[in-house]
Amino acid sequence: MIYVMSDIHGLYDRYLRMLDLISLKEDDTLYVLGDVIDRGPDGIAVLLDLMERKNAELFLGNHEHMMLMWMDGYDRVSWLMQENGGDETLRALRALPKDVQKRILYYLREQTHLVKHLKYPDHQLILSHTGVWLEGTDLDTKDVVYPSMLEYVWNMGRYSLYQLPALKKTEYPTTLISGHIITRYMTMSDKDEIVQRDYWNGYSYIDIDCGCAMGAYRGKLACLKINDEGKIEDVLYTD
């Protein structure tokens, strides 16, 4: 079984409740589509937990990207802006022993994904934090220079999800699964549920960022349960 969640944003308690809910087994795979840090208080705890799980794989989100850009001197402003919430993550990181800090940064730089394709006989799923990558190959963080990742993790330019309705018809149905955009902002409602949009050309888009970062009484952490045939069996939520 495959499980997919995104945008935990430091809400470690919701993350643990979701793990209890899904009862992750050794032969299951958990994909987390980025933005596990910032805004909430315990992003580093989420990272450390994911690092220890052999069946969990993390994707780089725009918040992890900002963290790396700050740490490596490319951008010393964006991550610590109040609306991005990196201050608490930085304090938690600096409180750790130096060797643990280095392991976390190595993990983010070398062992995370930008895009992953899950191919099945009659369709495919493409996972990313928010960018569209249809060329057919997986893309790992270590293969891309930080500044050029912006299009993948910020929903910009050539790899924007908004291009999907304009693509030519595909004979191989393709569903993009991403986070990044809080679903209630897409629907202009107060419902914290995943959003699926199906287009005329065989492409679909599922947004699973249900606003976990908004905290108590608003927002939920969502998780897709996907079977061996690549079909979504269930959607689970914790608040």
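Strand β5 (residues 123-128) has 6 of its 6 residues buried, so it is largely enclosed by the rest of the structure. Buried means under 20% relative accessible area, exposed over 50%, and partly exposed in between, with a 1.4 Å probe and protein chains only. Strands here are DSSP E runs of at least two residues, helices are H or I runs of at least four, and both are numbered from the N terminus. This is a predicted model, in which local features need pLDDT of at least 70, side-chain atom pairs count only at pLDDT 80 or more, and totals for chains, interfaces and linings use all residues. Residues are numbered from 1 along each chain as its sequence is written, and side-chain values use heavy atoms, with hydrogens and water left out.

Stay with β5. In a regular strand the side chains alternate between the two faces of the sheet. His 123, Leu 125 and Leu 127 point one way from β5. Gln 124, Ile 126 and Ser 128 point the other way, and all are buried.

Now widen the view to the sheet. It is open and has 6 strands, in the order β6-β4-β5-β7-β9-β8, with mixed pairing. The edges are β6 (139-140) and β8 (195-198); each has a single partner strand, so one side of each is left without a neighbour in the sheet. Two strands pair if DSSP finds at least two bridges between them. Strands of a sheet pair through backbone hydrogen bonds, either parallel or antiparallel.

On one side of β5 is strand β4 (residues 113-120). β4 and β5 run antiparallel, joined by 6 bridges. A hairpin links β4 to β5 through 2 residues.

Gln 124 stands opposite Thr 174 in β7. Leu 127 has Ile 177 in β7 as its bridge partner.

How many residues of β7 are buried? The count is 5 of the 5, so β7 is largely enclosed by the rest of the structure. Thr 174, Leu 176 and Ser 178 point one way from β7, Thr 175 and Ile 177 point the other way, and all are buried.

Move on to β9. β7 and β9 run parallel, joined by 5 bridges. Ser 178 stands opposite Asp 207 in β9. Strand β9 (residues 203-207) then pairs with β8 in the antiparallel sense, over 4 bridges. There, Gln 196 has Ile 206 in β9 as its bridge partner.

Ser 204 deserves a look. Ser 204 sits in strand β9. Its relative accessibility is 11%, so Ser 204 counts as buried. The side chain of Ser 204 makes a polar contact with the side chain of Asp 198, at 2.7 Å. A polar contact is a pair of N or O atoms within 3.5 Å; within protein, one must be able to donate a hydrogen and the other to accept it, and residues adjacent in sequence count only if both atoms are side-chain atoms. Not counting residues up to four places away in sequence, Ser 204 touches residues including Leu 164, Thr 174, Leu 176 and Tyr 199. Contact means heavy atoms within 4.5 Å.

Turn to the helices. In α3 (62-71), 9 of the 10 residues are buried, and the helix is mostly covered. Among the buried residues are Asn 62, His 65, Met 66 and Trp 70. The cover over them includes α4, α5 and α6 (150-153).

Where do α3 and α5 meet? Glu 64, Met 67, Leu 68 and Met 71 in α3 meet Leu 105, Leu 108 and Arg 109 in α5. By class, this contact has 5 nonpolar, no polar and 2 charged residues. Nonpolar covers Ala, Val, Leu, Ile, Met, Phe, Trp, Tyr, Cys and Pro; charged covers Asp, Glu, Lys and Arg; the others, Gly among them, count as polar.

After α3 comes Gly 73, whose phi is positive, near 85°. Further along is Arg 76, in the loop between α3 and α4 (86-94). Is Arg 76 buried or partly exposed? Arg 76 counts as partly exposed, because its relative accessibility is 49%. Arg 76 touches Trp 70 and Met 71, not counting residues up to four places away in sequence. A polar atom of the Arg 76 side chain lies 2.7 Å from the backbone oxygen of Trp 70. Arg 76 and Met 66 are 10 residues apart in sequence and 8.9 Å apart in space, C-alpha to C-alpha.
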